[in-house]
Amino acid sequence: MTEIAVDTSRRAHDLRAEFPILANSTYLVSHSMGAAPLGARSALETYWEEWAADGPEAWERWLPRIAEIADGIGAIVGAPAGSVFLGPNVSVLQAAIASCIDFRTPRNEVVYEALQFPSLTYVWREWERFGAVVRVVKSDDGRTVPTERIVATITEKTAIAVISHAYYVSAALADVGAIQAHCRKVGALLCVDAYQTTGVYPYSVTELDLDIATGGSHKWLCGGPGCAWIFVKPSLTETFRPAITGWMAHARPFAFEPAPVVHSPSMYRFGHGTPTIPGYVVAAPGHEMIASIGVPRIREHNVRLTDRIVSMAFERKLRVNSPLEADRRTGWIAIDFDGAAEASRRLVAERVFIDYRPGCGIRIGPHFYTTAEEIDAFFLKLDSIR
């Protein structure tokens, strides 16, 4: 087995041993669902033991853990302590941001790109009922959106732009730094969906000077579903008063005061009702592993393997629907050919885990636990079924 050159203090087989699914499958789908670490099972068992032992008194440990897990994500994305909070999914968190904006003013436009993940377009289009005017930035090729076109669409009428850090249909990166700088000039907010990049592509929300970023745990962070996150620039936090709220957002949640809510001065103001503690604690071991290895090292390994995928795809005269230059893409490659949808079903049936998206093709996402031999094995299996 080839050594994974991402952590000189730990051997490849030590890392792989943390993920049972790797023992009986070729796992190349971390861009969709990261492999489950053994630590996640231990975290769930601990959660049950605390619940079983202490009943409601377990909240004394669980509630502070939300902030600890959020700060753990913050460390990965370069956010200051206390500037990240958790939620069940990104759709809810972005809806909370939308609820903070008064769309009854002349600055009532929402801008997003045509390649935005559909769930988030559902969220923002619903705010048309409350006065929002949606502007969708078109793509010419179905894979990328020109930065200058995005910038031109964001004007003094724009309340918020919602932009993907990388497009889920191609892996192409957006120039969020340039877009954020333009938003500053025209007074618009920018919300970056970093689900496709966090854990495999190094970035810092502080260095990019982002207003808002959201993401989740079940892809490259190997945290499973149920633990999304939101970052808000600290100077902006108290300007947001989410209408999508609940008792956990109150400044004094255990005072059980009647309405109206008094929003917490901290990022807890983005809380809702009773939090989904199991989803949060099960995600933390994956976060911790990513942080211990370091995203820059993970990126180095990922680029070697994605470059290998591109080369082997070209050898077979397959279409590559992702950017060829590593600095223009996140951590996966899309390949396409006639019959790709059926081939993907056959691959998964034989425990070669990838996924397929119409107009994109088969998506292949190697992570830090993936070896070069597994890339070779994927193509050998693909050759046998095409």
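Mentor: Start with Ile-335: its bridge partner in strand 13 is Ile-362. The model is a predicted one, where local features need pLDDT of at least 70, side-chain atom pairs count only at pLDDT 80 or more, and totals for chains, interfaces and linings use all residues. Residues are numbered from 1 along each chain as its sequence is written, and side-chain values use heavy atoms, leaving out hydrogens and water.

Trainee: What makes strand 10 and strand 13 a pair?

Mentor: Two strands pair if DSSP finds at least two bridges between them. Three bridges join strand 10 (residues 333-336) to strand 13 (residues 361-364), so they pair. The two run antiparallel. Strands are DSSP runs of E, at least two residues; helices are runs of H or I, at least four; both are numbered from the N terminus.

Trainee: Which sheet holds them, and what makes a strand an edge strand there?

Mentor: An open, antiparallel sheet of four strands, in the order 9-10-13-12. Its edge strands are strand 9 (319-320) and strand 12 (355-357), as each pairs on one side only. Helix 10 (residues 340-349) lies across strand 10, strand 12 and strand 13. Helix 10 runs at about 40° to strand 13.

Trainee: Why are helix 9 and helix 11 called roughly parallel?

Mentor: Their axes cross at roughly 25°. Angles run from 0 to 180 degrees between N-to-C directions, along lines fitted to C-alpha atoms, for helices over the stretch in contact. Under 35 degrees counts as roughly parallel, over 145 as roughly antiparallel, 65 to 115 as roughly perpendicular, the rest as oblique. Helix 9 (residues 295-315) and helix 11 (residues 372-385) are therefore roughly parallel. Their axes come within 10 Å.

Trainee: Which residues make that contact?

Mentor: Helix 9 brings Leu-305, Arg-308, Ile-309, Met-312 and Ala-313. Helix 11 brings Ala-372, Ile-375, Asp-376 and Phe-379. Contact means heavy atoms within 4.5 Å.

Trainee: How do you know whether Asn-108 is buried or exposed?

Mentor: Buried means under 20% relative accessible area, exposed over 50%, partly exposed in between (1.4 Å probe, protein chains only). Asn-108 has 17% relative accessibility, so this residue counts as buried. Asn-108 sits in the loop between helix 4 (90-98) and strand 3 (109-113). Leaving aside residues up to four places away in sequence, Asn-108 touches Phe-103, Gly-131, Ala-132, Val-133 and Lys-157.
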